[in-house]
Amino acid sequence: MVARSEGKLVALKQQLEREFGIQAMVIAEDLSDPLSAQRIFARTQSEGVEVDILINNAGFGGHGLFHQRNLEAEQSMMQVNMVSPTNLTHLYIKGMVGRNSGRILNISSTASLFPALYRRFTMPLKPMSLPLAKHWPRN
């Protein structure tokens, strides 16, 4: 489980482990950091964690006129909504294909279905998701 807020993650980890009898790992990372995907992957590899299901669920939007929005906020949104999920998918899919096992779930807001400037940052996951779903081996 990855998020910026380690405290909330630890609480969720404990709840999931208690309720479902699973083991979960907490990794506090900010996906707006361009190197975050590599650090997440390195951490799971160093601890011998085999990721069977990758869920790309992080994302956020913005509001206001594009030319009035802060450029750094726009770049952060692109990193979180497009670049980090793509990087994580690329890093983990190799092992999944090698094991002939694994799943990738890309989650996006229903807002990505409507024409808006926000859509420009969520739509790129859809063209990546559809071919993966079509060509992924079915068990």
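Modeller: Before we start, helices here are DSSP runs of H or I with at least four residues, strands are runs of E with at least two, and both are numbered from the N terminus.

Colleague: Okay, so how many helices and strands does the protein have, and in what order do its elements run?

Modeller: The secondary structure comes to five helices and four strands, and from the N terminus on the elements follow the order β-α-β-α-β-α-β-α-α. This is a predicted model, in which local features need pLDDT of at least 70 and side-chain atom pairs count only at pLDDT 80 or more, while totals for chains, interfaces and linings use all residues. Residues are numbered from 1 along each chain as its sequence is written, and side-chain values use heavy atoms, with hydrogens and water left out.

Colleague: What share of the 139 residues counts as buried?

Modeller: Of the 139 residues of the protein, 26% count as buried, where buried means under 20% relative accessible area, exposed means over 50% and partly exposed is in between, with a 1.4 Å probe and protein chains only.

Colleague: Let's look at helices, then. How far does α3 reach from its first C-alpha to its last?

Modeller: Helix α3 has 29 residues and reaches 41 Å between its first and last C-alpha atoms, which is close to the 42 Å expected at 1.5 Å a residue; the expected span is 1.5 Å times one less than the number of residues.

Colleague: And where does α3 bend?

Modeller: The bend in α3 is at Q79 and amounts to about 40°, taken as the angle between axes fitted to the seven residues ending there and the seven starting there.

Colleague: Which residue caps the N-terminal end of α3?

Modeller: That is N70, which has a side-chain oxygen 2.8 Å from the backbone nitrogen of E72.

Colleague: How does the span of α1 compare with the expected value?

Modeller: Helix α1 has 15 residues and reaches 21 Å from its first C-alpha to its last, close to the 21 Å expected at 1.5 Å a residue. Just after α1 comes G21, which takes a positive phi of about 65°.

Colleague: Switching to T44, where is that residue found, and is T44 buried or exposed?

Modeller: T44 is found in helix α2 and counts as buried, because its relative accessible area is 5%. The C-alpha atoms of T44 and I27 are separated by 9.1 Å, and the two residues are 17 residues apart along the chain.

Colleague: Last one, N56: why does N56 count as buried, and which side chain does N56 have a polar contact with?

Modeller: N56, which lies in strand β3, counts as buried because its relative accessible area is 5%. Its side chain is joined to the side chain of N106 by a polar contact of 2.7 Å, a polar contact being a pair of N or O atoms within 3.5 Å in which, within protein, one must be able to donate a hydrogen and the other to accept it, and residues adjacent in sequence count only if both atoms are side-chain atoms.
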